[in-house]
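Hello,

Here is the structure I promised to pass on to you. Please open it alongside this message, and then read on for what I found in it.

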Amino acid sequence: MLDRRMSHDDLIDHLVRSTPLSHGEAGRVVLDVLAYFDETTEEFVRRRHRELQSGGLTNADIFERITAELPYRAVAPPELSLRQLRRIVYG
């Protein structure tokens, strides 16, 4: 993680100059964003399923929403069927 932080010093410096964030806060933001985009498709599907389920949505609505969100990931995965999404969540 330290190597990753060092490789993004220019971004951290930019955030410090352009926002009210301190150097430490900007570093944490960068690391959080990178971790978000490092998430695999399977991790994303499971996380979103949990989040949407806790919000009271039904599986039909959840899988429809996840299907709509997947193409907008940083590196869009191949299109997944409802069956494939269910397998990711339930094994």
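Let me start with His 49, which counts as buried because its relative accessibility is 3%; buried means under 20% relative accessible area, exposed over 50%, and partly exposed in between, with a 1.4 Å probe and protein chains only. Before going further, please keep in mind that this is a predicted model, in which local features need pLDDT of at least 70 and side-chain atom pairs count only at pLDDT 80 or more, while totals for chains, interfaces and linings use all residues. Residues are numbered from 1 along each chain as its sequence is written, and side-chain values use heavy atoms, with hydrogens and water left out.

You will find His 49 in helix α4, residues 41-54. Helices here are DSSP runs (H or I, at least four residues), numbered from the N terminus. Setting aside neighbours within four places in sequence, His 49 is in contact with Asn 59, Ile 62, Phe 63, Ile 66, Val 89 and Tyr 90. Contact means heavy atoms within 4.5 Å.

Three of those partners, Ile 62, Phe 63 and Ile 66, are buried residues of helix α5 (residues 59-69). They lie on the same side of α5, because they cover an arc of only 90° around the axis; the arc is that of the directions from the helix axis to the C-beta atoms. What do the buried residues of α5 pack against? They pack against α4 and α6, the latter being residues 82-90. On the face of α5 turned away from its buried side, look for the exposed residues Ala 60 and Glu 64.

Next, have a look at Leu 85 in helix α6. At 0% relative accessibility, Leu 85 counts as buried. Not counting residues up to four places away in sequence, Leu 85 touches Val 45, Phe 63, Ile 66, Thr 67, Leu 70 and Leu 80. Thr 67 is 18 residues from Leu 85 in sequence, and their C-alpha atoms are 8.5 Å apart in space.

Now for the way the helices pack. The axes of α5 and α6 come within 11 Å and cross at roughly 105°. Axes are lines fitted to C-alpha atoms, for helices over the stretch in contact, and angles run from 0 to 180 degrees between N-to-C directions. The two helices are therefore roughly perpendicular to each other (angles under 35 degrees count as roughly parallel, over 145 as roughly antiparallel, 65 to 115 as roughly perpendicular and the rest as oblique). From α5, the contact is made by Asn 59, Phe 63, Ile 66 and Thr 67, and from α6 by Leu 82, Leu 85, Arg 86, Val 89 and Tyr 90.

α4 and α6 have their axes 9 Å apart and pack at an angle of about 85°, which makes α4 roughly perpendicular to α6. Here Glu 42, Val 45, Arg 46, His 49 and Gln 53 of α4 meet Leu 85, Ile 88, Val 89 and Tyr 90 of α6.

One more pair is worth a look. Helix α2 (residues 9-18) and helix α3 (residues 23-38) have axes that come within 9 Å and cross at roughly 125°, which makes α2 oblique to α3. Their contact involves Leu 11, Ile 12, Asp 13, Leu 15 and Val 16 of α2, with His 23, Ala 26, Gly 27 and Val 30 of α3.
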